[in-house]
Each structure stands twice: as C-alpha cells, then as structure tokens.
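Thanks for coming. Please look at the sequence and the structure on the screen while I talk.

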Amino acid sequence: KNFKWIKATVKPAQCYEIGFREAKGELVSWSADDADYNAPDRNCPNTLDIAYARWKEMDEAHGFDKKSIVAFRPIEDGGDVYNFHHFFGGWPHTPVMAPFALVNRELFVDQLGGYDRRFVSGQSENDAVMRILEVGGRIEVCLEAFLYVHHRQVHPKRAQDNLFRE
C-alpha cells in the first residue's frame, strides 16, 4: 500500500519529479539505483527510521516550519565519503549538500516547485538544497543514518556482472 509503480521513459531528474508529485506522505527523498538503506550486516538496519527521527527533532527545534533537510551519511563502495560528498568538490567552506536526503514534500514540491526541469540527472539535488537554503531552510547530516552505495556492483563494466539485484 505504500508503493506505487510509475513507468516512465524520461530523464532521471524528471522521474524524481513524477514520483515527488505523486507522493502523498510528509517527506520525500532523492536517492539512486545503487543505494542500500537497510544494511543489518553493517549494524544499521533502521536507516530511514533514524533519519526520520532526526528530521522530526530538527523541525520541532525550529517551530515545525518544515524547512529541515536531513542528509544520510553515504558509504560508497566501502568508503565513508561524508567529508567529500557533502561539500562542493570537498571544499568545507561551501554550503553543506545532501546527495541523499529527506525533505518535506509540501515545502519542496508545492512551495518550491520540485526539481528544475532543465536537469537531466546529476546535481539536481544540489540545486534543490540551495533553493531550500534560500528560503531559510537548514541541513543536517545525520551521521548515524548510514546509506550504502554500491557503484561498482550496480554499474560494472559488463551488465551481466551486476551483483546488486541477486
């Protein structure tokens, strides 16, 4: 009941936008096809629950203004990339970004208009974060909400070597 299949043959950013507009829940999330949110073998079986609890805490601390973004902590191909992926090019003097995040659907879709239609795929989430920051939003990386990204397994040189979906 919490899942709806939408077939689309458009660009990845447009697929996100289709999903965001069809969503009925409180929050939406941008993600990727190689992201694993439930990794009990890595002592983090409740990543979404942890991130949601952090979002509620942040939002409550700011009077329920719904402008909080909670970013997951990505572990990519076994390496912790927190310091690199949450800043432009790894530069710590830039705003914090959110390659994987939870955000209020009403704020992002209804008030800010969702993803910019001119994006094809990559970096559309950075634009979303910057627009949310412009309206007074704030971002926090939830260091306890580990998200495992399996680039090499999902995108091997040969498609028949894809081990992720086995």
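Is E140 buried, partly exposed or exposed? E140 has 28% relative accessibility, so this residue counts as partly exposed. The terms work like this: buried means under 20% relative accessible area, exposed means over 50%, and partly exposed lies in between, with a 1.4 Å probe and protein chains only.

Before I go on, this is a predicted model: local features need pLDDT of at least 70, side-chain atom pairs count only at pLDDT 80 or more, and totals for chains, interfaces and linings use all residues. Residues are numbered from 1 along each chain as its sequence is written, and side-chain values use heavy atoms, with hydrogens and water left out.

Now the charged pairs. Side chains of opposite charge can pair when their charged atoms come close. I call it a salt bridge when a side-chain nitrogen of Lys or Arg is within 4 Å of a carboxyl oxygen of Asp or Glu. By this rule there are nine salt bridges. One of them joins the side chains of R54 and E140, at 2.6 Å from N to O. R54 sits in helix α2 (residues 47–61) and E140 in strand β6 (residues 138–149), so this pair ties together parts that are 86 residues apart in sequence. Helices (H or I, at least four residues) and strands (E, at least two) are DSSP runs, numbered from the N terminus.

R54 also forms a salt bridge with E144, where the closest N and O atoms are 2.5 Å apart. Here helix α2 holds R54 and strand β6 holds E144, so the parts tied together are 90 residues apart in sequence. R54 counts as buried, at 16% relative accessibility, while E144, at 40%, counts as partly exposed. Salt bridges that share partners join R54, E57, E140 and E144 into one network.

Next, the rings. A pair of aromatic rings is described by the distance of the centres and the angle of the planes. Rings of Phe, Tyr and Trp (its six-membered ring) pair if their centres lie within 6.5 Å; planes under 30 degrees apart count as stacked, over 60 as edge-to-face, and the rest as tilted. The structure has nine aromatic pairs. F108 and Y115 have ring centres 5.8 Å apart and planes at 80 degrees, so they are edge-to-face. F108 is buried, at 0% relative accessible area, and Y115 is buried, at 6%. For F146 and Y148, the centres are 6.4 Å apart and the planes at 20 degrees, so that pair is stacked. Ring pairs also link Y16, F20, W30, F108 and Y115 into a cluster.

Which residues have the most contacts inside the largest nonpolar core? They are W30, I69, A98 and F108, in a core of 19 residues. A nonpolar core is a set of buried Ala, Val, Leu, Ile, Met, Phe, Trp, Tyr and Cys residues joined through side-chain atoms within 4.5 Å. A second, separate core has 14 residues, including A35, M58, V70 and F72.

Last, helix α1. A13, E17 and F20 are buried there. Around the axis they cover an arc of only 65 degrees, which puts them on the same side of α1. That arc is taken from the directions from the helix axis to the C-beta atoms. The buried residues of α1 pack against β1, α4 and α5, contact meaning heavy atoms within 4.5 Å.
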